[in-house]
Amino acid sequence: MANVTFASITKQFGTVKAVDDVSFELADGEFVCLLGPSGCGKTTTLRMIAGLEQPTSGRISIGGEDVTDAKPKERDIGMVFQDYALFPHMTIEANIAYPLKVRGVGARERAARAAEVAASLQIDQLLARRPGQISGGQQQRTSLARAVVHKPRVYLFDEPLSNLDAKLRLEARSFLKHLQRELGVTSIYVTHDQAEAMALADRVAVMDKGRIVQIGPPLEVYHRPATTFVANFLGSPPMNLLPVRLEGDAFHAGPLRVDARGFADRLRGVAEGSELTLGLRPEHLRLGGEGDEWTVPGHVYAVEPLGPESLVTLRVGEGLVTARLFGDEAPQVTGDARFAFDPKNLHLFGADGRRIQVP
């Protein structure tokens, strides 16, 4: 069993709280992504699990064993770094086998295990080469092979795909998900790329300013963001967020007026004149006509054809609203236009940025 528990962990560097009272638990075999912008504390969190940083307060356990004060080598983890951290003077075989060597495994068994793992990662023909003689994608697989060769209890990934080009990243992402499912090892993956987190994780933990602001299955976090930060961070393009004021039976923002009568359940207890934020995903907008009841009118700001879809952005008051439109008509949109939407897809957030739930 290799569940991981992070209990009320805080990490301070001087007066700066890099990680602020964070708690979460991973089930055995679960794949969790720590997602957030640079400086949010995700890598520091990973390094504390690895034992490379010591928490200021709180406890960490792996497989039910308290490892808060344990040395990295005593935690039985495999870590894949952003820069791969391969030894340039060693062969690929020696790099892969290095974790076995430091654990005292004999040379013959080391060679056999390295060859077995390399074959599973399709780099067995590269074992005699050195890191400088292979491609970035092959180096990434070598780093993965080194992490899995000693069959650790937990895998830790620190943005391992960030140095690859777009095509290789897609290939490596699919391979990594397949590998983790096949091995069934508890895994924690750090990234700032929301597409990676959505594609790979069983659960996504979104971090901001040292705290986890939401954790859950990827589609749940995407479709029901807990805050405007989460709503804006997940999605490409991100969710459209419009600051509005509740006046009577409508939301107002300059010339924009959106009927609020369909939101009585969510607005129960919200006072007249309250400052709110409306949220709409670009894929939930379409070109509207005169017969549409729920619309956002504006003036065309930009049209970006992307092949099977186009991004159309309207200037709405002082802000911009973007729609993802499919088909051939979108690139022809000019002048004044309006987006229509289904009110069930409208998100509401309070003045504190938190989602307004149905009572």
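Predicted model: local features only at pLDDT ≥ 70, side-chain atom pairs only at ≥ 80, totals over all residues.
Two strands are treated as paired if DSSP finds at least two bridges between them. In general, the strands of a sheet pair through backbone hydrogen bonds, in either a parallel or an antiparallel manner. Strand S17, which spans residues 309–316, runs antiparallel to S18 and is joined to S18 by eight bridges. Within this pair of strands, Ser310 lies opposite Leu325 of S18.

The cysteines were examined next. A disulfide requires a pair of cysteine sulfur atoms within 2.5 Å, and by this rule zero disulfides are counted. Cys33 takes part in no disulfide, the nearest cysteine sulfur being that of Cys40, 13 Å away. Likewise, the closest cysteine sulfur to that of Cys40 belongs to Cys33, and because the separation is 13 Å, the two are too far apart for a bond. Cys33 is buried, with a relative accessible area of 0%. Cys40 is also buried, at a relative accessible area of 2%.

Leu170 is located in helix H5, which comprises residues 166–183. With a relative accessibility of 49%, Leu170 is classed as partly exposed. Between Leu170 and Val333 there is a separation of 163 residues in sequence, and their C-alpha atoms are 33 Å apart in space.

Technical notes
Residues numbered from 1 in each chain as written. Heavy atoms only, no water. Buried < 20%, exposed > 50% of the residue type's maximum accessible area, 1.4 Å probe, protein only. Helix = DSSP H or I, 4+ residues; strand = E, 2+ residues; numbered from the N terminus.
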